[in-house]
Structure formats: structure tokens, C-alpha cells
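Where does a folded chain leave space inside itself, and which residues surround that space?

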Amino acid sequence: MNENNYPKLHNATWPGIVGKGPDSEPPIPFDTMLEMTAAAEVDGVKFDGIDIGLLDPHINIDSSDDDIKRLVDKVSGYNLEIGSLVAPIWAGSAMGSKEERATFVEMVRKACHFGQRLRELGIRPSGIVRIDSSSSPQAWDADPEGNSRIIAQTFREACDVAADFGEKLAAEGEICWGGMQSWKTMLDTLEAVDRPNMGFQADMAHTLLYTLGYNREQDRILPANFDWSDRKTLEDALVTLTKALRPWTIDFHVAQNDGTVFGSGSHDKTGRHCQALDPNGKLDVVHDAGYWLRDENGVLTKAFRHICWDGCMFPNAVMNNQQTWNDILGTMIKVRNEHGWYEA
């Protein structure tokens, strides 16, 4: 039995919402996601917490202090903590009109207030507020230099607001967001923002697609027509990718990907998350997590206190099966056994 107790193991609740709705299956209620997370157990080990989206119908970002207290009581009743938060910035856009950019920053402000209250109530010892540009790669392509400048300015304003609440913002690298659609554009954006409380959220499924150059072919790392049986070339690509973005990484999603893309709504050609044990998964999840959790010398970075499983777009039948979450937890435990540490 491994004695590592860090990083803490969290499950995400927003997969109960993302990709669900009128054109798909009904959303899975927050309470159900919470119950399934709390019920998961492998060899006596359970999830330590949840990361949450401040998104209807799960959680209203305009919740009163009393509402937030009720949420805290509910989650703590399952012996779980709350970690990172997703801000509903899609109400605006980091690259849009003056009004849209103001709405974007206001959503960040509301999320940071929510996060501050959770910390004050003692349930949130770690975590960031997750954002993206809420702009398409196609719109960004119309004026890459000018649009990147606007995104960076909006992100800086959001960082300044977040700093007032003691919060850090993390941009999640997904190929469906303009100015973030490749590892190079993501790096350029982070460097342009240049704020101490701005970082990167690495999702293993999404960042795998950075190596393939979807939505920005000139930035692909893997060769065209890559043969997935060539593990050495894949590992070299992951080394290149993580060397660039790991220094910025302040939040981490363990995930699997089958190397294909999936589009739904505003998520144009984004990563298709796989189940933890999917035989079509292209990543060696436990091994490849180490590229993010350790530096180039193999030393643990300890850059974040918890890691989270993110698995969106699964059918409801899969998500309502308790074994799904036990398999996920088992994978998370293996990641911690391999790349974690112990604190008394």
C-alpha cells in the first residue's frame, strides 16, 4: 500500500452538464455527481474532493452567502473538499466587444468571490479559477496579432480582479479556443498576460491534441499520419509539449484520449475524453502524467495540491454506473502512487 497522501484526488462535477441538454441527454444533477464521487472506493481509498463548475443547472454563480453555506454543508457532509472552480465566462468573450469583455471580467469576479467564501468556510484549501478565451479559432485567425493582444488585455484585467480575492486564474488549453488552440498560441498568450496569478490548466486529453496540430496545423509536434504504435515518438512529443507549458501549469486534469476530436456546440473540434480503462486510449495515463507532475530531471514539481479527473461527453448510462467512478479513482490512485508525496 503506497503511503502518498498528496496530491489530493478530486473528481469534476461539470461532466454532468457539459455536452448535455436539449440536443443530447439530460444533465446529471449535481447531487448525483456528488453521491457517485463519495461512493467511489478502491482498497479503502476514496476521493478527497470535487472541482465544480459554477454553472446552471448545478450551481448558480449568483448564489447568496446562505446558498454557499448550504453547498458547503452538503459537500462536507460527504467528507469531501472543494478545489478548483470553473467560471462561466462564456456569457462574454475575452476577444469580443467592450461589453462582452466587461461581462467576461465580471464573471471572473463573481467566481472569485464564490471561491473566497468557500475558503473562508474552510472547505477549499487549494484550487484555481478556470477560464478560456471564449472565442473561436476561426474568429481569432482573422487578426491573430490584434486578437491576441485583446485576449491578453482581458486576461490581465481578470487577473487584477482575481488578485483582489487572493485567487489565481488558469487557462485550460483546449484546441477549440482562439489564442489557445495550439501549444504555441497558448504559450504566447500566457507570456503576453504576464501576471503572477495567471497560469495554465493542463488536461491530458486536450493537450494530447496539441501534439497533433488540430486547428493549427503549423504547430503540430507529431508527424503527419502518425502511427500510434510508435511510442518513442509520442513520448518525445510529450517531452517537447510539457517542457514549454509545465512551468506555467498550476492545475492538472488526469484524463484519457483516443486521439480523435469531437465537436459539440461552442466546443469546435475538442478532445474526446475516454473512460479510464478504454482500450482505445492513446496515453499511458499513469506514466504520461509524470511529464506534467515532474520536471525534466524527474523531480516532483508539487506545483498544485490536488489533481482532478475530467471526463466529459460520456453517455449518462456510463456516468450513472458506479464502476465507472471506481475505475477512475483506481487510475488516480496509481498516478499518486507513482508521482505523489507524503505529508504528515
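The second largest cavity of this predicted model is lined by P7, L293, L300, T301, K302, A303, F304, H339 and W341. About 40 Å³ of space lies within this cavity, and its lining divides by class into 6 nonpolar, 2 polar and 1 charged residues.

The structure holds 2 cavities of 30 Å³ or more, and the largest cavity has a volume of about 60 Å³. The residues that line the largest cavity are M204, T207, L208, L238, L283, D288, Y291 and W292, a set made up of 6 nonpolar, 1 polar and 1 charged. Two helices each supply at least two residues of this lining, namely helix 7, which spans 204-210, and helix 9, which spans 285-293.

Rolling a probe the size of a water molecule over the atoms shows where empty space is left.

In soluble globular proteins, nonpolar side chains tend to be buried together. Here the largest nonpolar core has 95 residues, of which F155, L169, L245 and F252 touch the most other members. Helix 3, covering residues 98-120, contributes the largest share of this core, with 8 residues. A second, separate core has 7 residues, including L55, V86, C308 and C312.

If its neighbours within four places in sequence are left aside, F252 is in contact with A202, M204, A289, W292, L293, F304, I307 and C308. Among these contacts, M204 and W292 also belong to the lining of the largest cavity, whereas L293 and F304 belong to that of the second largest cavity. C308, another contact of F252, is a member of the second, separate core.

Is G122 buried or exposed? G122 counts as exposed, because its relative accessibility is 64%, and a residue is called exposed when this value is over 50%. G122 lies in the loop between helix 3 and strand 4, the latter being residues 129-131. Although G122 and I82 are 40 residues apart along the chain, their C-alpha atoms are separated by 9.5 Å.

Note on methods. Residues numbered from 1 in each chain as written. Predicted model: local features only at pLDDT ≥ 70, side-chain atom pairs only at ≥ 80, totals over all residues. Heavy atoms only, no water. 1 Å grid on protein atoms, 1.4 Å probe; cavity = no way out; pocket = protein on both sides within 12 Å on 5 of 7 lines; lining within 4 Å. Points joined across faces, edges and corners; volume = space filled by probe spheres on them. Helix = DSSP H or I, 4+ residues; strand = E, 2+ residues; numbered from the N terminus. Nonpolar A, V, L, I, M, F, W, Y, C, P; charged D, E, K, R; others polar. Core = buried A, V, L, I, M, F, W, Y, C linked by side-chain atoms within 4.5 Å. Buried < 20%, exposed > 50% of the residue type's maximum accessible area, 1.4 Å probe, protein only. Contact = heavy atoms within 4.5 Å.
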